[in-house]
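Here is a short briefing on ring contacts in one protein model. Keep the structure open while you read.

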Amino acid sequence: MKFFVTGVNGQLGHDVINELNKRGYECVGSDVSESYGGAADGSFVTKAPYVKLDITDGEAVEMVIKEAKPAAVIHCAAWTAVDMAEDDDKVSLVRAVNAGGTQNIADVCKKLDCKMIYLSTDYVFDGQGTAPWQPDCKDYKPLNVYGETKLEGELAVSNTLSKYFIVRIAWVFGKNGKNFIKTMLNVGKTHDTVRVVNDQIGTPTYTFDLARLLVDMAETEKYGYYHATNEGGYISWYDFTKEIYRQAGYKTEVIPVTTEEYGLSKAKRPFNSRLDKSKLIENGFKPLPSWQDALSRYLKEIDY
């Protein structure tokens, strides 16, 4: 079974292609840059070929993926800068990447009759209430441009293909790139106190663990919508920061504040990012480990 992976310069794509290499699969990695620019420690498994690909270029997408002849495409590439996506001069580009680029990939997957895994987000929902969102819920009301365009990507996949997995994730962290944990560790080095919101609730997702699940999925025909974050219960960003500092041995005081008290960002954030993951077990997939365990392993992987 051969794989094609987009977005390998990102947190998730980096771990996905390493997971595929670990299992002995033939795979091709792609991203928009001239070459792979991943983790500085060289943890990318270089035996996987890399190809430059702008997913907004439909002709290039068809040519490159047809030449690779994959049995499955794991589509990790996306515009993920949530606040910047709100800028008037960026909206069309964000839509071109998250919606148009995904449509281009879905179109060639249809022609090749290959599987497609699309990574989506809790931001497709309005983030209200306290009930966990169900994977097959269609009550979409995204709050911002990022959520809107990721939803458009979902619809591009589901309206084009039958052999697809749409996997929604949240609060992502990985070795290869910027994330909340790295930010909080840097802030904690130079500040005695840090203010963190306590009214946005969800669960973190470690890309190393998620990559294993995505490859597990690709080995099956159990298609459909799924939610995948680490286990360990629902928490706030405040709770998460407290545990980050506890495990890292930092003495920085964490002060809980509401989203309103913290101050508005350009993009509205969901208060309720709880994702129900029970469908994973129902379909025979192994859930991700607890986020506490994931954090412990992650801190051993990075320099801080």
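**Aromatic contacts**

The structure holds 20 aromatic pairs. The model is predicted.

**Phe173 and Tyr298**
- Phe173 and Tyr298 form an edge-to-face pair. Their centres are 5.0 Å apart, with 65 degrees between the planes.
- This pair links distant parts of the chain, 125 residues apart. Phe173 lies in strand β7 (residues 172-173), and Tyr298 lies in helix α10 (residues 291-301).
- Phe173 and Tyr298 are both buried.

**Tyr226 and Phe285**
- The ring centres of Tyr226 and Phe285 are 5.6 Å apart. Their planes stand at 80 degrees, so the pair counts as edge-to-face; the cut-off for that class is over 60.
- Tyr226 and Phe285 also link distant parts of the chain, 59 residues apart. Tyr226 sits in strand β11 (residues 224-227). Phe285 sits in the loop between α9 (278-282) and β15 (288-290).
- Both Tyr226 and Phe285 are buried.

**Ring cluster**
- Ring pairs join Trp171, Phe173, Phe180, Tyr206, Phe208, Trp237, Phe240, Trp291 and Tyr298 into a cluster.
- Phe173 and Tyr298, the edge-to-face pair described above, are among the members of this cluster.

**Charges over rings**
- Lys138 places its charged end over the ring of Tyr225, 4.2 Å from the ring centre.
- Lys279 places its charged end over the ring of Tyr226, 5.0 Å from the ring centre. Tyr226 is also the partner of Phe285 in the edge-to-face pair.

Definitions and conventions: Residues numbered from 1 in each chain as written. Predicted model: local features only at pLDDT ≥ 70, side-chain atom pairs only at ≥ 80, totals over all residues. Heavy atoms only, no water. Phe/Tyr/Trp six-rings, centres within 6.5 Å; stacked < 30°, edge-to-face > 60°. Helix = DSSP H or I, 4+ residues; strand = E, 2+ residues; numbered from the N terminus. Buried < 20%, exposed > 50% of the residue type's maximum accessible area, 1.4 Å probe, protein only. Lys NZ or Arg CZ within 6 Å of the ring centre and 35° of its normal.
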